[in-house]
Amino acid sequence: MNNHLARIYLLLTIVVSLVGFSGVSFAQEAEVAGQPFDVAAATEEYLATVSGEQREKSDAYFEGGYWLILWGFLYGVIVAFVLLRKGLSAKIRDWCKGRSNRAFIQTFIYGGFYVLATSLLTFPWVVYTGFIREHQYELATQGFGAWFGEQLISLLISIVMVSLFIAVIYALIRKFGEKWWLLGAGVTAIFMMVAVMIAPVFIAPLFNEYKPLENSVVADAVLKMAQDVGADFDTVYVVDASAQSTRISANVSGLGATKRVSLNDNLLNQGSLAEVKAVMGHELGHYMLNHGLVLVASFTFLLGLGYLFVTKMYIWAIRRWGAGWKLEGLDDIAGLPLAVAIFSVYTFLMTPAFNSIIRINESQADAYGLEVAMEPDGFASISMKLAQYRKLDPGYIEEIIFFDHPSGRTRVEMSMEWKAKHMAARDQAD
């Protein structure tokens with residue numbers, strides 16, 4: 001990939017993110033009970049349903065997340081240098097070499113040590129961000145014991161999967177040297193696809209119970225929407241997400257034989273039928289628009305650029321500090337903490353690009369869901385419930401940089417514009 005094409009792609013990413021939220025209205029004037037339908041007024045009416053105290057709390061939670069991005073990045077860099085300092089990573093590498101003569105096995109063993117070591121070093125941060133803070137904002141329902149048990153399960157899965165990924169990536173580096181990054185992006189895409197495929201059947205059930213939805217009214221409504229758009233689902237699953245969280249969500253997950261449509265019990269317990277249909281219309285949008293593949297392709301490109309960035313910066317870094325850390329070259333597994341630290345710099349700087357790609361896909365799914373469910377008020381009202389943990393009304397630039405989903409205001413405006421447009425079309429037909 002040449003530099004000119006890379007620059008063009010990144011420029012297009014920024015332009016699309018800006019255009020995607022330009023605020024241009026397509027609404028037409030319509031009448032309700034003889035009165036003109038005012039999109040702006042209807043939007044403000046929905047926003048007003050979230051009280052000042054509620055809004056302050058959700059804003060504080062979400063804005064605190066901005067700082068978590070920075071502090072999490074810095075924490076990760078510190079962890080990397082703890083492992084590099086005094087040649088600790090090199091000592092682990094040498095121990096691994098003593099366990100096997102095969103480079104792939106040596107790398108796999110080191111990967112297990114790396115996952116375990118970084119998990120232990122970052123555990124205080126994970127406890128704060130994933131447990132303490134979630135309970136402070138009343139978003140979590142688990143006790144510490146249950147939460148810690150799930151962390152252990154995640155750790156065991158990560159030791160196997162991440163170690164395998166690391167071993168494959170370093171095999172590419174040994175074979176292709178500085179040109180590894182292009183094939184590395186492709187291998188990453190394969191791993192992402194496999195993870196998407198196996199997660200619904202083999203991983204998600206380790207944490208939650210999935211069972212067919214018994215509420216026939218909701219199940220029939222969801223399946224009818226799926227049938228109307230040509231999605232071949234015959235069962236709607238409900239997951240006991242309330243065991244961990246108060247958040248509402250739903251998803252269409254998996255690929256091929258593993259695909260399934262699921263909604264969590266919080267959505268069932270907190271949402272009306274119109275709201276559930278609106279959410280599931282959105283999720284069907286992701287499925288029918290192939291957003292899973294779109295995201296894998298988009299992220300593969302950005303990750304490929306990131307791998308190139310790591311390669312160039314890593315070579316520069318070991319020329320300056322490699323001897324002190326006892327690193328031997330690009331293919332030295334002991335340099336993994338350095339490579340990860342460099343990659344974290346790239347992903348930190350590219351946060352707006354990653355967020356914008358996701359947000360644009362979410363916005364497309366919103367529009368699709370409105371057409372499928374035809375529940376603009378249901379979508380607007382559920383967007384207010386999502387304000388429990390998402391800032392409702394951010395600034396324009398703030399939304400572009402920090403939001404990986406459209407804000408509550410953006411979603412309500414889209415819903416009310418859709419409502420006005422279709423009311424106007426109905427009035428003209430009459």
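**Helix H10 and the rest of the fold**

Guide: H10 has 16 residues and spans 22 Å from its first C-alpha to its last, close to the 22 Å expected at 1.5 Å a residue. The expected span of a helix is 1.5 Å times one less than its number of residues; helices (H or I, at least four residues) and strands (E, at least two) are DSSP runs, numbered from the N terminus. This is a predicted model, in which local features need pLDDT of at least 70 and side-chain atom pairs count only at pLDDT 80 or more, while totals for chains, interfaces and linings use all residues. Residues are numbered from 1 along each chain as its sequence is written, and side-chain values use heavy atoms, with hydrogens and water left out.

Visitor: How many residues of H10 are buried?

Guide: Twelve of the 16 residues of H10 are buried, and the helix is mostly covered. Buried means under 20% relative accessible area, exposed over 50%, and partly exposed in between (1.4 Å probe, protein chains only). Among the buried residues of H10 are Glu275, Lys277, Met280, His282, Glu283 and His286.

Visitor: And what follows H10?

Guide: Asn290 follows H10, and its phi is positive, near 55 degrees.

Visitor: Which residues have the most contacts inside the largest nonpolar core?

Guide: They are Leu213, Phe233, Val261, Leu263, Leu267 and Met280, in a core of 33 residues. A nonpolar core is a set of buried Ala, Val, Leu, Ile, Met, Phe, Trp, Tyr and Cys residues joined through side-chain atoms within 4.5 Å. Elements that each supply at least two residues of this core include strand E6 (260-264), helix H10 (273-288) and helix H16 (408-429). Another core, of 30 residues, lies apart from it, and Leu83, Cys96, Ile173 and Ala339 are among its members.

Visitor: What does Val261 touch?

Guide: Not counting residues up to four places away in sequence, Val261 touches Val222, Phe233, Thr235, Val236, Tyr237, Asn251, Val252 and Met280. Contact means heavy atoms within 4.5 Å.

Visitor: Turning to Tyr237, which charged end sits over its ring?

Guide: That of Arg260, 4.4 Å from the ring centre. A charge sits over a ring if NZ of Lys or CZ of Arg is within 6 Å of the ring centre and within 35 degrees of the ring normal. Arg99 lies over the face of Trp95, at 4.4 Å from the ring centre.

Visitor: How many aromatic pairs does the structure hold?

Guide: The structure holds 25 aromatic pairs. Rings of Phe, Tyr and Trp (its six-membered ring) pair if their centres lie within 6.5 Å; planes under 30 degrees apart count as stacked, over 60 as edge-to-face and the rest as tilted. Tyr66 and Phe402 form a stacked pair, 3.9 Å centre to centre with 15 degrees between the planes. This pair links distant parts of the chain, with Tyr66 in helix H3 (residues 52-84) and Phe402 in helix H15 (residues 396-402), 336 residues apart.

Visitor: Is Tyr66 buried or exposed?

Guide: Tyr66 counts as buried because its relative accessibility is 16%. Phe402, at 29%, counts as partly exposed. Phe299 and Phe354 form a tilted pair, 5.4 Å centre to centre with 55 degrees between the planes.

Visitor: On to Asp332: where is it found?

Guide: Asp332 is in the loop between helix H11 (291-325) and helix H12 (336-349). Its relative accessibility is 4%, so Asp332 counts as buried. Leaving aside neighbours within four places in sequence, Asp332 is in contact with Arg93, Tyr170, Tyr314, Lys326 and Leu327.

Visitor: Which backbone nitrogen lies 3.0 Å from a polar atom of the Asp332 side chain?

Guide: The backbone nitrogen of Ala334. A polar contact is a pair of N or O atoms within 3.5 Å; within protein, one must be able to donate a hydrogen and the other to accept it, and residues adjacent in sequence count only if both atoms are side-chain atoms.

Visitor: Finally, what does the side chain of Gln270 reach?

Guide: The side chain of Gln270 reaches the backbone oxygen of Thr246 at 3.3 Å. Gln270 is found in helix H9 (residues 265-270) and counts as partly exposed, at 35% relative accessibility. Leaving aside neighbours within four places in sequence, Gln270 is in contact with Thr246, Ile248, Glu275 and Lys385.
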